[in-house]
Amino acid sequence: MSTPLVVTKRMTEYPSDSHTIARYEATGGYEQAKRALGMTRDELVGEVKTSELLGRGGAAFPAGVKWGFLAPERPAYLVVNADESEPGTFKDRQLLERDPHQMIEGMIITAIANEAHLAFIYIRGEYPKPARRTQRAIEEAYQNGYLGRGIFGSDYDLDIVVHLGAGAYICGEETALINSLEGERGEPRLKPPYFPAAKGLYMKPTIVNNVETMSNIPHILEMGGEAYRDLVIALDTGTYMISLSGHVKRPGNYELPHTLSWRELIYDIGGGIRDDKELKAWIPGGASAPWFVPDEHLDLIVAKEACALAGSMLGSGAVVVMDEDTCMVRAAERIVRFFSHESCGQCTPCREGTTWMEMILRRIDEGAGRPVDLDLLIDVSDGISVGLQWPPKMTTICPLGPSAVSPIIALRDYFRDEVQRHVDLGGCPFELKSGETRARAPSSLAGAGPEVRGGSTGSIPSDRESAGEGSS
Amino acid sequence: MTSGQPEFVTITIDGREHQVLSGEMLITAAEDSGTYIPRFCWHPRMTPVGMCRVCIVEVDTGRGPALIPACMNPVSDGMVVATQSDVTKKAQEAVLEFLLANHPLDCPVCDKGGECPLQDQALSHGPGESRFVEIKRNYEKPIPISDLVLLDRERCILCDRCTRFSREISGDPLIEFFDRGNKTQVNTFPDHPFASYFSGNTVQLCPVGALTAGPYRFRARPWDLLKVVSSSLFDTAHPRIEVHASQNEIVRYTGVDNDATNHGWLSDKARFGFEYIHSEDRLGAPLVRRKGVYEATDWAEAIDVAADRLGLIRDESGGDALAVIGGAHGTNEDAYALSKFARVALGTNNVDCRLGDSLSSHFLAGTVDRATIGQLDDADTILVWGPDLKEEHPTLYLRVRRAAQELGAELVVVHPRATGLDDVAFRKLTYRPGEGFDLVQALDDGRYPDVIEALDADNVVALIGIASHADGPHVAEAVAALVRARRGRSDLLPLNSRANTYGALDMGLAPDLLPGRVGVSQEGVGRLRDHWGEVPSVPGRDTAGILEGLISGEIRGLLLVGADPVRDFPIPALAEEALEAAEWVVAIDLFITDSTRHAEVILPAETFTEKEGTVTNVEGRVQKLNNIRPGPGQTRPDWAMLDDLAHRIGAPLGLSSAEAISKEISTVAPAYVGVSWDLLEWEARDGVVVPLEGESQLAHIPVAVATDGKRENGLSLHVARTMYDDGVRLRHSPSLSRLALGPVVLVNPLDATALDAVPGDSLRLVTVSGEGRFEMVVDEGTPAGTVYVPFNQPGATALGIDSAVEAEVADA
Amino acid sequence: MSHWSESTQERAREIIDLYPQKRSAVMPLLYLAMAEEGHLTETGMEEVARWCEITPAQVLSVASFYTMYKRERTGKYLISCCTSISCMLLGGDEVMHAVEDESGVPHGETDEEGLLSVEHAECIGACGGAPAVQVNYELIEGVTPDKARDLVTWLKKARPVVVNTDEMQELFGGRRSFDWAIPETDGAIGPFPAFQPLGTVESEGGE
């Protein structure tokens, strides 16, 4: 079936200049923002509620409902989350680079709907080009009077500030992002009480939405919430961007309806596995999601509900495909290393547990695994996410730590034998088979960054000396 | 809750229903109901952060069981809590195993061992084994993060208590988390140590042995410690402390949490100020000067020598030729004994516990609309016009900071330069020292409408003291009158320095006061006649008057009790000259000081850890001190020496014990009726604010004093006290004495440029009372036109109380 | 009292004005401090602390939380090799190894000359063009170990003043995550993101 393109339509039809304001306006751009100025908050929120647009940052929370929760206190702020960092995900980068005005118009509408006069876009620091494109688009919008004082000749003021992140995946978590915007460490806040819609940026009501979510907003206004909702007949509303990567022939971003099966996605859209090898497993929704395997999941529908029923999630829409030659221990180590590296360090289970898991996995991968290690790994994971289920019973403030156990669930359920072979052989069976030792990237604890030189006064009494004085 | 009526909800904990206060956090509600939920990061006096995760329990609020941190979730009706379920246990055991994974387990040599929450909760809630076989985190250790505190990052469990304390309680965020994830560590910025006046609290807060205190490190095992509750006399609020002794030696004080005063916090001076007790310089025997040299002697001889001459002077020249200075550092019982000794044995009202730098005795003792510390929590507006609370009144500083930062009070701070509270003040006014009256006038004239509006709030608490030596006592009275004239309810807290000044004044240690807030008058004396017999009914001289009397020869004999006017009186040269001129000086003290060295007889005193008694804090709260060790050598309590002296003089005081004196006070001093040791030891362990009933007898109502503002051209001198100075007890406490600033002058960059001086240059300062050389520190907190000299610094010359000063770069 | 150039100070003022609270400017000012000195020094952090009216410890607390604030001397070119899952699956570790080997600079370190720094990075959002490498955060996708060696050699030899993503992609890249449309001439001039408001971008004529 043909896919109705929404957020990627312009960049597909006008690949050379979809990011310019000229092209944007020539294709109907900023008309909805103007229209929104004449609408009430209730009308705008109602339209988005009707559309049943699900947040596209990973949590898939209905955007209209989120807006409805905005506390009455003012000022309110709008924050757009462009801290796309979930391994496997690169769709927001494309939206920012190729159609920034679409997102900006979405922001203007969202700001009006939520009575915000100051909005921020938090773009991850490793995305300078998307940030430049966005900044330029904002400048164009200011020049045309679409931002600043009295936008579109109305009496509504709106400023947008681009804020660059600096290398911390956790800032994609909305409360961590807010802390980061306030100039604090990007540590998540506990919900409750710190729901952004009630106590967000500067403890004021704040709407935090993702780039793709924002990019959909003008279209919802244009076609109407109902039409958007019914765009494709499926379990989930609207369209969804999928970032496809790994061992597929045609990786890339695809805007899709939620009617495909995983088989169609991987074999038809993705062109199948490279070198026509066998599919071994795939990650259905970003590094946080529990893995799927062909025997059980290939004919499930690529949709929120279907994933949830199978114990995983569509998350950020990042699909990472692994072929038959992939070492599952190494793949798991890489996912766990990511979370260990990106753990903010607040919560004990995540800070200590993810590193411990990484150490065990590395040991197994390097041939020093013990027979007890898989069970230990599972039990350590159990201490971060009690019961090892999805969605998790979290022992932590945010889901980062519990996300790290997703690959362990896969090892437990599908690849126990492969782990056992590592232990039995004293090394990686794939390496031993090929006879080559592969390069190994550093662990999350390696190098990088000076140890903080602290303590600057007085002399350091040695324990021994002082202990001697004290004992008698 | 608008009604003020507590609302209760029903929750179920492990199958049992409990009625608990609505809105209370689950962790405390459970504890009050008999179920202990483990915790590390949670602390009752700080914002919950929910970081350590050990308090997570399975809770069902109707939507199925979920794991939630008990420290951040208020109870709600119908909540079902499972603290013993498999899920809860798994989660809590996992947290403890995770915490121990990287913990060094060096408990045998750890100060915290034996009183360690990590040890205790590993036992009660941990898994009982560790499966971590990898290499543990490694850090250089220990590293000093301040002059008093050392950090062992390997032991740290990253609970955010110390960092949170510095951020939200003490307001000097100099220790922080650095790096992230598994590499997260607590530390200071390079070359910016944790130079907080409150750093020691982090040691007490630390739930493991990561933070240790230099003065206590490796000195005792917790299970060997002897402990008594007492109050610190290094802080006018008398924060409650526990005194810990090992083998008869005081090894540390810890803060005791009480609502009334300190919430458990202590300044580092109050926490670490114990080393002087064991100083080798402390006097252990009475000294009598013979041929210019002190000789140790026995009590009988010392009393005879001291008393005979005092008696002789009284007989020859009358009581007016005798005087007493001091008594503000001891107990109320000793102060009462001293007051009675002066009046009954010496026959004089020349008695003063203040040293020429205080508010008037009637203002201090007789303010009837006196605020309590607790009232700060409910105040709409708080005015601080006086000393920098952070320097001189650390407990009040913390309470005012909390009120302004957390509880929504509007804070107005008035001081000649930057203070520790400026960052939480909604309005800060500075003025040139000596021009306080002009500012009062300006306020009265409506020049600062926002301040006046704030003072017109319903509920105002004003903390008023002497901000700068140049101000004298009268600016404060004008401020009090200004505040009182505003619309709403205002309560005043007159500030005094020296810890038990208020108690001493209540015992009559002022030339115009008698015990119990009674003025010296025919009537006041008459009321005392039954107890004291005939005593002089005309007010005597204050300290300045006494010193002048000594110089003129009108006063021949002086008794100094724990006072060091040569260092502590604002014009030290006058004190020096007076003591030099004195015919006969007797001193009761812990040490030979610049003042007591003028005495012919020095009697060795006890510290507050060596005697029992009561003290009265800045708000009028009476609390009990307890002894934990005998004094060294032949030291005795003051009252006993005074009783012996009086006996020898021939006017026995009839004092038999501190407790008996306490009973006499409660009979003689109207404000102290009903205050007994029994009460303070049992029903009122946090003390009682006197008067318990009835009105003060003084009822001092400050009235606006006419302004006599004088304008200085050139620079104005601001002299004020700092936390660490050259006070006698600090001087003999090595850990603290090195923290004093030394002879420095703080100068605004503009003035430094005008003086053509660079940091580190020596400035020569000249006033009418003195001159001296001071190292210049460039300081943006000191306004242009004002130079700031911290008072009584080691090696510094005192410059007196006049604000006019000449400054120039001194020749090298 | 500022150690910064007048233009940097002016930019700092502009950045602070963008936010309702000064402290929010910490992150952009840290980039400014890096741009000023090449990496983040104690002096730089003290300067940021003064601008934001917080303590240096609070600044370091923030700076050390994020991986892009380099607190050690960092090369003119910072090569970040992605070794997260998608890149790893397609040879990211081998690319990383090739870069380390060719440059002689291991992860987290800088060569003596101060020309090259090498690090492995977690996902840089180029999974469709894996394996990917960034030079001063300017992206190259579809890199092979051989091309990675060529990149190191080129950086050492050509020493471009401005690191341009399109130029490098042309020379050393392969498959991309998505079509990039018209090329840009902007690029980075130091080991920090090239972004106009932070003053770290060199424009050679624009698009």
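B:Leu383 stands opposite B:Val412, a residue of strand β19 of chain B. Strand here means a DSSP run of E of at least two residues, and helix a DSSP run of H or I of at least four, both numbered from the N terminus. β19(B), residues 410-414, pairs in the parallel sense with β18(B) over five bridges; to count as paired, two strands need at least two bridges found by DSSP. On another strand, β21(B), B:Val461 is the residue opposite B:Ile382. β21(B) covers residues 459-464, runs parallel to β18(B) and is joined to it by five bridges.

Before going further, this is a predicted model, in which local features need pLDDT of at least 70 and side-chain atom pairs count only at pLDDT 80 or more, while totals for chains, interfaces and linings use all residues. Residues are numbered from 1 along each chain as its sequence is written, and chains are lettered from A and ligands numbered from 1 in the order in which they are written.

Back to β18(B), residues 381-385. Five of its five residues are buried, so the strand is largely enclosed by the rest of the structure. Buried means that 20 or more other C-beta atoms lie within 10 Å of the residue's own; exposed means 12 or fewer, partly exposed is in between, and C-beta atoms are placed from the backbone. B:Thr381, B:Leu383 and B:Trp385 point one way from the strand, and B:Ile382 and B:Val384 point the other way.

Now chain B as a whole. Chain B has 25 helices and 36 strands. Its radius of gyration is 28 Å, close to the 28 Å from the globule rule for 812 residues, so chain B is as compact as a globular protein of that length. That radius is taken over C-alpha atoms, and the rule is 2.2 Å times the number of residues to the power 0.38. The C-alpha trace spans about 90 × 60 × 60 Å along its principal axes. Of the 812 residues, 60% are buried. Among contacts in chain B with a separation of 6 or more, 72% are between residues 24 or more positions apart; a contact means that two C-beta atoms, placed from the backbone, lie within 7 Å.

How many strands make up the closed barrel in chain B? There are six, in the order β31-β35-β32-β34-β33-β36, with mixed pairing. From one strand to the next, the twist averages 45°, with axes fitted as lines to C-alpha atoms, for helices over the stretch in contact, and angles running from 0 to 180 degrees between N-to-C directions. B:Leu717 has B:Val787 of β35(B) as its bridge partner.

One loop residue to look at is B:Tyr197, between β9 and α5 of chain B. B:Tyr197 is buried, with 23 other C-beta atoms within 10 Å. Leaving out residues up to four places away in sequence, B:Tyr197 touches B:Ser267, B:Asp268, B:Lys390, B:Pro394 and B:Met723. B:Asp172 is 25 residues from B:Tyr197 in sequence, and their C-alpha atoms are 9.1 Å apart.

Next, the interfaces. Chain B puts 45 residues in contact with 41 residues of chain A. The largest share of that side of chain B, nine residues, comes from α2(B). By class, the side has 25 nonpolar, nine polar and eleven charged residues. Nonpolar here covers Ala, Val, Leu, Ile, Met, Phe, Trp, Tyr, Cys and Pro; charged covers Asp, Glu, Lys and Arg; the others, Gly among them, are polar.

Chain C has 62 residues in contact with 62 residues of chain A. Its side of that contact holds 33 nonpolar, 18 polar and eleven charged residues. Chain C is divided into domain 1 (6-63) and domain 2 (77-196), with bounds from an automatic or database domain assignment. The C-alpha centres of those domains of chain C are 28 Å apart.

Chain A is assigned domain 1 (9-229), domain 2 (240-323) and domain 3 (328-434). Twelve residues of domain 1 of chain A are in contact with 16 of domain 2 of chain A.

Last, helix α10 of chain A, residues 211-223. Eleven of its 13 residues are buried, so α10(A) is largely enclosed by the rest of the structure. A:Gly224, which follows α10(A), has a positive phi, near 90°.
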